[in-house]
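Okay, thanks for having me, everyone.

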Amino acid sequence: MLGAVETRSVSPVFVGRADELTVLNDALARATAGEPQALLLGGEAGVGKTRLLEEFCAAAAKDGAVVAVGGCVEIGAEGLPFAPFSTALRSLLRELPDEMAAAAAGQEEQLARLLPELADPARPPAHGLQGEDEGMARLFELTVRLLERVAAERPLVLVLEDLHWADASTRHLLTYLFRTLRSGRLVVIASYRADDIHRRHPLRPLLAELDRLRTLRRIELSRFTRGEVRRQLAGILAAQPEEALVERIFERSDGNAFFVEELACSDDDCDHALPETLRDVLLVRVEALPEHAQRVVRVVAEGGSTVEYDLLAAVAGLGEDELIEALRAAVGANILLATPAGDGYRFRHSLVREAVSDDLLPGERSRLNRRYAEALEADPGLLRADERAPRLASYWYCAKDAAKALPAILTAAVVARRRFAFSEQLRLLERAMELWELVGDEVRGRLRAADYTEAYPPCGSDPGTKPLQYLDLMAEAAIAGRFCGERERALKITKRALRLLEEEPDALREAWFWNQKSWLFTSLGRGDGWPELARAEELLRGLEPSPVHAEILAYRATWGSLHHPGPETFVAAERAVEYARMVGATDIESNAQLTLGGLLVESGQIDEGLELMLAVRGKVSGGRLTRDLTRVHVNLPSVLEGVGRSAEAIAYGREGIEFCRRYGLADAEGWVWANLAESLISYGKWDEAVAAVAEVGRTASSAKPRVGAAERLARLALYRGEWEAAAGHLAQARRLYGSQDPQPQYLIPLVRLSLGVAAGEGRIADLRAELAQTLEQGLPPGTQRYAWPLLLTAAVAEADARGLPAAEAGRERAIELIRRAAKTVATPVPVWQGYERWVRAELLRAEDRATPEDWAEVVEPFEAAERPYGLARVHYRYAESLLTSGTGDLVRARARDLLLAAREVAETLSAKPLIEDISLLARRARLTLTEDRPALTEADTAPDDPLETFGLTSRERDVLGLVAAGQTNRGIAESLFISPKTASVHVSNILAKLGVTSRGEAAALAHRLRLF
């Protein structure tokens, strides 16, 4: 029964309801101050009223309030008299026996009508002379006074639940209480189910009357949003749910908290039958309707999410008066709702519709769907044109008439494709493939490929008359799967197609499907896709030129740009453009131009390459959408970021997100978000970058954008000195990436992160080994955007480790290795020229040879670039070099200005290591970094000892110095004449105070801050 709905709470996490809790907490605060409060809490069954009240009451009790809860009980047409008041007062009597006795003193016999425990069992009931009405009024007054007395000294929260079941006496007493409550620290909250309050419900006039009270506040609890359902599922499952599960449960539950719990905790996968307990709950109200109303509800259940009145009238088989009467009963029971436009009806809950549909007999369901389909074919005007095809396809499919269903489904798939509803298109095509063998040759023979397909490039002498084949459907479905992000399903379809082609060979088709398999393998991280691509190219040998040739050549160029950028790939891209132009494949030509444009930019022909890419973007923005041209919204921002134009990259990235959302390209949206996060990091919008990374997890279904997202988080963690978090994100990125598809755009940044983590943890030997292994393999041409940050990380680590005894062995070789590698990396744009100068300056710093002039050369290109964090780091190094190399007022003033600018950026970004470096340098140079103080403070007292910041004792300072020199515990013990055990204790204390986790990390911090 419905009474059980809100007594069960599965999720251990309380989700949402912040605004409602604020209202309740404000009411409690007002009541505590002596202003009694009255509130009504409404919401449909299962929406979470009880859970909200539980959370509020628990917090109120913790803060010292007394909480009393009573609920109405459903018994027949009317509830049990005074049930919620009696229950609540009984709990008060148990908790506060003395206060209740004092408050009821002298009125026990009359109050016993509500709480029999107050009466003296030895005394017979008193019979007054007043009439029934007068006695009831007196009881109401005494009850209010009782509550006010109990709440005189401490806050009292009185909760009355399930008011929709309240009897007349309870309703009258509650009205009296709300109207006459004037004093006491009392909060009265009454809850009810809004969906139970039909037009003739006795509570309805009471609610209307109470609405006129100025002292009463109403709270209407709405259903959960998609985000709140995601959080609820995370609490129930104790893990972050897959986005597909969130979407599925949100759609089926309509955001009702109870329905979410039932679906999440059921044994099925949420794609099949409802849990039995939930179905029983949902059908109770339907089964209470008159028979003719139940019949109409069953008809509506098979009509779709909304059924237009004219279509319903054509199918229901009832007279107009009888139909309207049945609809009135269903609407009055809150089962159906009239649409806002007033032209049709829908179920209040989609799960109720599902339960009613599941309850139909198999033959009954087929018959209803056939009647819908026949009515629609007889009068197409019963539905709007945009809904006609998908609804007719669904009706014939559910009617189990394959001959009628197949062409209807194919037509609906075309409509879905044109509306960019690719998930729906894929589902429809899978249904078409399911029905293909169930229809005869006569039906299939009437279908033409040109009418239903677009994915497979046309070939043959007369493609317009070519009969539709099963493989055509598979090609369409594979591409639909790519568009909507269902790449696993697309790969499954592609593999099946290749198995069919083994039985009936068709070299051109087979080459096309091998090309698809290559792309899918690469996208899913199952391999680098080269064997599949090579197989496609081999199958084309000796065949006449066709769009399939052009498509495979274009993908060959794309594959090369990702795996082996360089002259050979550049030539392949030019060839693909020419070939596509030759065979008249304009979309494939544009796709090849997009690849060629990116390669031109990487080779230094920036204006020419961007112009080509922007031309392709113009075609896409003008509405020319194909499966490959969506790449422009991923590639263009990435290329702009690669040449240091982050602001433009961000603008085009946001445009790409809107584009992907408009056309339902969820997985492509994930790639765009990942690129946007990178540009936001460069541009100094780190918090926005974190939010963008979260969107990657929400949208992307393939692994590669999630690799990029983890890489961005690891990079931010390094910048903020969170070494453990950086290592965790790096490990996640490597797990997602695997080892099946090596691409420089992923491999080099992951190595860079690994070097950064090793440097932060003081593992200079590990850093050098990994760097040497990477540089031995070479830095491919066109990868300067990844190579320069890698070399910079290594150069900074070597410079920071200068003077560290453990790092001396191998230092010269490591510096020379970085220097040689830097000579092989191009600098086609100012930002990478700046990085080249920065690497050179850091290597000079590692050799103790850097001058202010070296750092001044680095500042110039970074001041023109959109890299605030990089500029702040360079400003710090420039200031350090100035203060180390010279003295004088002008030098110190310049250094102070540089440090002020750097600190402002570092503090805005929460870049903790840089903040610490700046503060330490300023203290040592006796500079005061405030706008209203002079730069020169040499007359001031000596600066604080940096080690005092960490709270190290004198002995711990000595131990840290030996740790930084590479000494073991035994060596420390011998040097300081203490036991190894004591040395170990000192080392543990030092690690804790410095906030590090290893001796190497402590040594690295000591040398980075120049503590010794």
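So, here's one to start with: does Arg328 count as buried or exposed, and why? Arg328 is exposed, because its relative accessibility is 52%, and the cut-off for exposed is over 50%. Keep in mind that this is a predicted model.

Where does that arginine sit? Arg328 is part of helix α15, which covers residues 320-332.

Okay, zooming out to the whole chain. We're looking at 1012 residues, and 56% of them are buried. There are 51 helices and eight strands, and the C-alpha atoms fill a box of roughly 110 × 90 × 50 Å along the principal axes. If you take contacts between residues at least 6 apart in sequence, 68% of those join residues at least 24 apart. The chain exposes about 44200 Å², with carbon and sulfur atoms supplying 51% of that.

The chain carries 125 positive and 151 negative charges, and their mean positions are 1 Å apart.

Last stop, some backbone angles. Ser910 isn't a glycine, yet its phi is positive, about 60°. You'll find Ser910 in the loop between α45 (889-909) and α46 (912-924), and at 42% relative accessibility it counts as partly exposed. Then there's Arg926, again a residue other than glycine, with a positive phi near 60°. Arg926 lies in the loop between α46 and α47 (946-950), and it is partly exposed, at 34% relative accessible area.

That's my tour, so over to you.

Note on methods
Residues numbered from 1 in each chain as written. Predicted model: local features only at pLDDT ≥ 70, side-chain atom pairs only at ≥ 80, totals over all residues. Heavy atoms only, no water. Helix = DSSP H or I, 4+ residues; strand = E, 2+ residues; numbered from the N terminus. Buried < 20%, exposed > 50% of the residue type's maximum accessible area, 1.4 Å probe, protein only. Contact = heavy atoms within 4.5 Å. Areas by Shrake-Rupley, 256 points an atom, 1.4 Å probe, with all protein chains shown as cover. Lys, Arg positive; Asp, Glu negative; His and termini not counted. Charge placed at Lys NZ, Arg CZ, Asp CG, Glu CD.
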